[in-house]
Each structure stands twice: as structure tokens, then as C-alpha cells.
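Hi,

Here is the structure I promised to pass on to you. Have a look at it first, and then read on for my notes.

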Amino acid sequence: MKPRILLGTLVLLTACEREQRRFQELPAAARPAARDVQVSELQPGPVAAPPSEPAPATRAASEDNAYDVSEGKRLYVWFNCAGCHAAGGGGGMGPPLLDAKWRYGSEPENIYATIVEGRPNGMPSFRGKIPDTQVWQLVAYVRSMSGLLKKDVAPGRSDTLNTRPSESSKARETPRPEEVEQPR
Amino acid sequence: MSYRSRLPPLVLAGLFLLTPGCKKEGGAHPSSAQASSNLPAGTTKPDASKLAEDDGQWLTASKDAANTRYSRLKDIHAGNVKDLKLAWTWSTGLVRGHEAAPLVVGGTMYVVTPYPNRLVALDLTKEGAPVKWTYEPAPSPSAQGVACCDVVNRGAAYADGRLFYNTLDAHTVAVDAQTGKELWKTKLGDINKGETMTMAPLVVRDRVIVGNSGGEMGVRGWAAGLDTKTGAIAWRAMSTGPDADVLIGPHFKPFYASDQGKDLGVRTWPPDQWKIGGGSVWGWVSYDAALDLVFYGTGNPGPWNPDQRPGDNKWTCGIFARRPSTGEAVWFYQWSPHDLYDHDGINESIVADLTVDGKPRQVLIHPGRTGYVYVLDRATGQVLSATPFGHITTSTGVDLKTGRLQPVPGMETGFDKTIRGICPAAPGSKDWSPSAFNPETGMLYIPGNNLCEDAQGYEANYIAGTPYVGMNTKMYAGPGGNRGEFIGWDVAAGKKVFGIPEKFPVWSGVVVTAGDVAFYGTMDGWFKAVHARTGQELWKFKVGSGIIGQPITFRGPDGKQYVSVLSGVGGWAGAIVSGELDPRDDNIALGFGGAMKDLPQNTTRGGMLYTFALP
């Protein structure tokens, strides 16, 4: 756990430096440690193929890059995250992503692991389904929904029926852990 | 007096049903309401279906095979229901939506919980109804993620010493009613394709009839008949695809021309779209022994965005009549061809005999999501009438010549356009929440919604096991501002007798009794008794959490009449509370949550069974 917490801190610190390609500084261990772990029975789409690209050594998209975040917004609909978490991230079959509560952590690495490995109470594992770059774009967008990104990178408008105020006008929700009943 | 001897003899009960003398003033009487025998002819052992005539018990979620939810018990009546008192309670320990009807068999009550789908036996012969045993099917926790509308279960069915019900991860189980031991467990669907099971089965002879959920996940819908003894799948009838898969054969005689022709389950779809076309079977099954037909509805086509599936999309949003033994299709009628609004056809179709235009008719009564009370000839599938009971802007009626719903031009949803003022909204003027029908008076009691929506279509991307919807919706209260209404409806006259506006959609079931009382619950936690003829409120009790369960009534081992209901808000309508969704997004719970933003201020979650009796 320790290295992860440290890393998280590192991420938070460096995130302020707008121009810096901070993610390239992360050691390989910054990647979710066990990429082969899958904690959900659900694997969307046809039976899993091996990941199409080699695991990158670092995060492949920037939270400081408005293009990456807006790509994340598009992919959030494209990969049907919106169907389970609602168009605006308020939740439905899956929990809200708009609020302060996090079952599995709000750090980019936590969210990356959530998407790739899945989570036991019904979050599918998208391992091998979403190219790594796009997973990181999704991570950035998910974080923008609860105001964790800088205002000038978070999307300011939607191309679809608005169901809530834009990400860029979202006040920051201070992440706090949410207890979740683990399956027996 | 012992418990058994207080019950009317079975034979008498049967006679009562068949005797036209029970018919009153051109109303309706229960025909063939009995589920048929579970045993071959000539066997003398009393069987569950005969017992279903026994109003002391409650053997299947919808009370009887006719789906009436009508009880002849009348110790509790319009005159004394005001004195009804809480007898005992029991907490399920769970916080998600509790939609089930408890069952009562002899001196035991059985409750199926939402996920993790425990089956709990409560001993009614002991003070306070202590738990006798608990059966745990341990469904896969991953199933929770693919259940569109909370992790609900709508109840069990009893026959021959066995209880049958479905688990969220798409299995059907049979459990010994005495011991709580699992007798068999059959896997019917795949959660990785988004298939779950939430409906309450119906037992007909040696078949348990079940179906899948998952219309929002691009599943292919089906109903199946399982062998009650072994759990083997005797037949499975798909809701889309070639005739062979749909179990359409030489005896299939749909009434209307639009349902006649070869392989319509393929030809009314773009190529291959039927494979992910929905039509799930997650609602009610009814049965008429005289015709030997089971009736069940099919769900919405997938995706919601209709522009991705030009054609009538057979056999979604309709009703099948089938042979219970083989599953063979006998007729079909489509409530909503090429459905535009997620108006699933799965609501109950109540078996009743009615006088229509002076003639006695054997009918089905179906208060549909489209906003009409349909009366169908149950032998043929002909629509005898379709009368609006809700506020409708999407259609002008049903053409009785062609059977076709008449859509309002300009209200069609689709790609890249926003249609506003769609009424009824996706949950319809009434969703799955079952109505009750009093065959003595011909009155139907409808738990209704009054919701409208704006909808914008976009391209839905099919990824197995994830939502396949393609429609952003925002729902809101219809005219009047009340989001629900409890309606007393005279079926033969096609008229509303009374309507009780409710703040929230009425998402509970209903029970009506010979004591002229109808019971229902509200999402803000009131359990109510109203006069069945006038709608006058006679009694109410504030329970711990909003009610979306199905009330029942029974005679306890002590000879007293009881009324029970599960409280525990949730379901599609209450997911905002049970799933702790964020009210700042209008699209939560597939758009429904947007209309329910004040529900968290009006109720909290938590499953509890309440049982009431006169002092």
C-alpha cells in the first residue's frame, strides 16, 4: 500500500505543474501492480482477447490536457459507461461518479484498476477491450466529473441533452472513502 | 377450531368458481382461475393449484393463476379496517428494493429477498413469527452490475411441497418447503450477456414458467418451462428470431394480419439485430386451464433508440399465448409494434369473464404501459377494447380492425432529435407493479404513474453485458404534478370510478378483498386501505421505508385474517434512494431518477416485513 500512497502524493504534487509531462516520471510500478488481476466476472463483449498494445510504462494520457479529457467524455458514452453510471455520472446500475464518495479510491491508478480489472459488485473488467491510452483518457474524464481536474481542462459543454451542469463548472468534491459490502 | 378445518373444502371452492351463480349483475366472475392440477388425472393427493383456491393461503406471487390478487377473506372489511393494528414485523437486513410478494403455505410464510436472494421461512404458528430456516443461493455478486433497475426479486411460487424462484444471476431454484433444502438449481442465462432474472415464476402442472430480464442490455428475450421435479429445461421460447426458436408452429394463429407470416422474428428487424433485440420476459404469467394456455408479455426491443431497428421488431412489446407443456405458441398480439418509448408489454394479463356489449366474453385484462386498459379475447388475441387510463400524448388509440397502436406523428423518438412532452414516459402509465381485479364487481385497481419525459436518441453501441439503450431521457411529473395515481377502474364500462393522486409513482402491488377493501403502498412509506367502491381512504400506517412490494392477505394458524407487505424502497423508481444515486444528474437510473429527486427527503432505505391484523 505504502508506495501507492506515496505515488498518489507525487501525482497530486506534480499535477500543479501544468506544462510538465509528469506521468513520464512515474516508475513502472505506478501502473496497477497486477495487470492480470480481474476481480469481476463480467467481461463485456466477445471473449477476452489479449491486450492489443503492450502495457505502457507510464500513464498514457494527461489530466492536464483538455483533448484527452474530452476524448474521455466521448469514450464514456462509447463504451457504455454512461448506461450504467448515467449520462451525467449520477449513477444507476453502477454508483455515482459525480460525488465525493469512492469505494475503490479516486486516484488515477485506482480508477485505472477499476476499469481494467473490474470490481466485484458488478463493475465489468474492460481488460483487453479498451486500449490503454483510452483507459487513461477515461480515468481523466471520470475524475473531471467530481471536479478533481483543473477547470480549464474539464469539458465546458455537452453535445447531448444536458442532464447536469458542465464538468468545468463543477466544484471540487473532496474524495472520501465509501464502505462497500464485499461479496461473501 | 383447527387451522385446516376453518378453510373451505377444496371441492367447494372449485365449485364456487365454476358456478355462474357467483356472477353478480353483469359483472365478471372468475373463470378457470385455478392453476391446473400438478398431478396426473386420477391422483387424489391435494395439489397446489387446488390449494390456490384456498383463500387462507397465498401460494403464488399473483395469488392465483388468473393473476387476480383478489381474496374472498372478509373478516377485515370496509367497516372495521380502521382498527387494523401492527401484529409483528421482520427485518430482511437488506437495503435494496423489495418488490416481492410473501407467500403463505399452511403455517409458514416465505419471503424472497432482493439480491442475495435469500429465501426465508417464518413460522406463523409461533408468537412473533420467528425464522424457521434461511436458504442462501449465493448468486454471483457481479450480477448486481447488470440488473437494470435495482437488484429486485418479485417473489416465488409454491407447488407440491416445493418453492420455486429465480436468482439475480439467472438461475431458477427449487427448495423444499419443509426443510429449506435446495432440490435443484438450473442455470438459464448468462450475466456476461446482461441476462438476469427477477420475475416471479408461475407453476402450471409439472412446469415452472420463468423468463429473463435484461432489455436494457441487448439480451435476447425468452420464456422457459422447467420440469418441476428435476429442473430440466423442457422448452425455451425465444422472443425474437426464426419461428423454430420462437416455438411457432402449425398451430400458431395470431388474430391480426401483421402478426401472420413466416419468421417475422427475423424479417421485422434489420439483419442480425434480432439477436440483440430484447423482448425479455420479466413480468407476469397467467394461465387459463379451460383453454390450457399461459399468457405472458414481452419487453421492449433493444436498443431504445428506434432508428437502429426499423421494422415491427417482433415479438417484442407484445403478449404470447402458449401451451404450458410444450411452449408452443398459439397466438400473439403486439401492444407496441416498433416501440418508441420503452413501453414493455410485460404487465399482468388477468384472466376474467366479462360481459362485453351484452355478450359474455372470456377475456384478458391488461393495464398496459402504453396507457390503455386492454381487454382481449383470450382464446384468439383479438382486442375487444383499449381505453386510456393515463395521460397519453404518444398515441391516439388502438385501431380495432388492425389491432395497431396509432402513434402520434412528430412524437417519434430517434437519432439526434429531442422529443419533448412524451407521455407516458418510459415506465408507462403503469409499470410491472401488479393491479388487482375483483371478479365479483368487475373492478380493477391500478397502481399508476403520471410521468412524462424528454428524450434524445443517440447511437447505442452494442458491447455484450453493458447497457444498450441509445436514449437520453429526462422524466418529470405529468399534468397535475402528482407522479402517481391509484385508480379504481370499471373494466366492463371502461371507466375510471375513482383516482387517488399520489405524490410519487404507485410502485407497489395491490390486493383487493371481498370485504370491499383495497390495499396498496406508496413510495413515501404509507400502507393504505381504501374503500374498493369509492376510493375513500379508510386506514393508513406509516412504515419504515417506501413500499414497492406486493401486499397479500391470508388466514393465520390462529384463524385470524392478516395483511402483510414488504417495505423497502428501490426498484427503477426508487433507485435514487436504494442505490444512493446523485440527484444533481437528471439522467440517473436511466432518466427515472430525475423525476424522483425529492424521494430521498421523503423516505430512507431498509427492508422490513409488516403484518397487520384486527386486535
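Let me start with a question: is the crossing of α4(A) and α5(A) left-handed or right-handed? The crossing is right-handed. Please keep in mind that this is a predicted model.

Here is some more on that helix pair. Helix α4 of chain A covers residues 108-117, and helix α5 of chain A covers residues 132-145. Their axes come within 9 Å and cross at roughly 120°. With angles over 145 degrees counting as roughly antiparallel and 65 to 115 as roughly perpendicular, α4(A) and α5(A) are therefore oblique to each other.

As for the side of α4(A), the residues in this contact are A:Pro108, A:Glu109, A:Ile111, A:Tyr112, A:Ile115 and A:Val116. They meet A:Asp132, A:Val135, A:Trp136, A:Leu138, A:Val139, A:Val142 and A:Arg143 in α5(A). Taken together, the residues of this contact comprise 10 nonpolar and three charged ones, with no polar residue.

On confidence, chain B has a mean pLDDT of 92, and 91% of its residues reach 70 or more. Residues 1-49 of chain B, however, have a pLDDT below 50; in the model this stretch has 94 contacts beyond near neighbours in sequence. For the complex, the predictor gives an ipTM of 0.89 and a pTM of 0.89.

Best wishes

Definitions and conventions
Residues numbered from 1 in each chain as written. Chains lettered and ligands numbered in written order. Predicted model: local features only at pLDDT ≥ 70, side-chain atom pairs only at ≥ 80, totals over all residues. Heavy atoms only, no water. Axes fitted to C-alpha atoms, helices over the stretch in contact; angles between N-to-C directions. Helix = DSSP H or I, 4+ residues; strand = E, 2+ residues; numbered from the N terminus. Parallel < 35°, antiparallel > 145°, perpendicular 65-115°, else oblique. Left-handed = near helix turned anticlockwise from the far one by under 90°. Contact = heavy atoms within 4.5 Å. Nonpolar A, V, L, I, M, F, W, Y, C, P; charged D, E, K, R; others polar. pLDDT = per-residue confidence, 0-100.
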